[in-house]
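Biologist: I am new to this structure, so please take me through the terms one at a time. Could we begin with the order of the elements?

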Amino acid sequence: MQGFANRDALATTISSRKATFYSRSRSSLWTKGETSNNFINVYDIFLDCDHDSVMTTLLLQIIYLGKPDGPTCHTGSETCYYTSVLDSLETEQAAGSRLASTTLYSLESTVFQRRAEIETTTESGKPSWTKRLLLNQDLLCSKIREEADELCRTLEDNEDKGRAASEMGDVLYHAMVLLALKDVKMEDVLDVLRRRFSQSGIEEKGSRGKQKS
Ligand SMILES: N=c1c2ncn([C@@H]3O[C@H](COP(=O)(O)OP(=O)(O)OP(=O)(O)O)[C@@H](O)[C@H]3O)c2ncn1[C@@H]1O[C@H](COP(=O)(O)O)[C@@H](O)[C@H]1O
């Protein structure tokens, strides 16, 4: 746990061997465990290397090393430091990346399903924009170019974030229809991107020249 200590708190801790702190809100000393009985029995106190933490009078930066009689944290946890920053970041990132990949894979599956429907039935079935694109290469390429241009215009014309996200959605979707015609899976594209993680774009461009010569 973390608490604030002044010289009196330190002196009390040394004499009583119970971790004692200074409450800045009540301007008084308090001993951990005085109400809960969960005392921390201090068997050593550590100062920093050059002891300047003690010289800065009001509040001291020291470490009490002790054996707790019960949970140290007011939440009942053994320690107050039970929240791992790295674990929390990983959990948030994992949830975010799961949602992103599920969205892409489910759109990909719909697009490939439309392609399969065209290939396996002679009837046109339900009207489908994807099928129209799959059956008309010129239309598909003109839509990809048009959507890419609209995305650029969100920047050039200072349009809002929502508009940029929507135009990117259009670019992605139409490009994914082209990928279905080329039989390229999203995983192949993501794999290409992952492999580029370790190299800067400038380095990669430079190495292309060397490969040619
Ligand atoms: N994500 C999309 C998607 N994004 C855009 N579009 C269509 O693409 C077409 C062109 O979009 P535009 O914004 O360019 O529309 P526009 O009519 O040209 O309008 P302007 O740009 O001229 O203003 C429209 O008909 C949109 O509805 C999409 N059509 C389908 N999908 C996905 O594909 C699935 C299957 O769709 P269907 O094949 O139509 O059943 C859908 O459930 C969606 O998940």
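Modeller: From the N terminus on, the elements run α-β-β-β-α-β-α-α-α-α-α-α, which comes to eight helices and four strands, where helices (H or I, at least four residues) and strands (E, at least two) are DSSP runs, numbered from the N terminus. This is a predicted model, in which local features need pLDDT of at least 70 and side-chain atom pairs count only at pLDDT 80 or more, while totals for chains, interfaces and linings use all residues. Residues are numbered from 1 along each chain as its sequence is written.

Biologist: Why is helix 5 called roughly antiparallel to helix 6?

Modeller: The axes of helix 5 (residues 137-156) and helix 6 come within 9 Å and cross at roughly 160°, with axes being lines fitted to C-alpha atoms, for helices over the stretch in contact, and angles running from 0 to 180 degrees between N-to-C directions. Angles over 145 degrees count as roughly antiparallel, and therefore helix 5 is roughly antiparallel to helix 6.

Definitions and conventions: Parallel < 35°, antiparallel > 145°, perpendicular 65-115°, else oblique.
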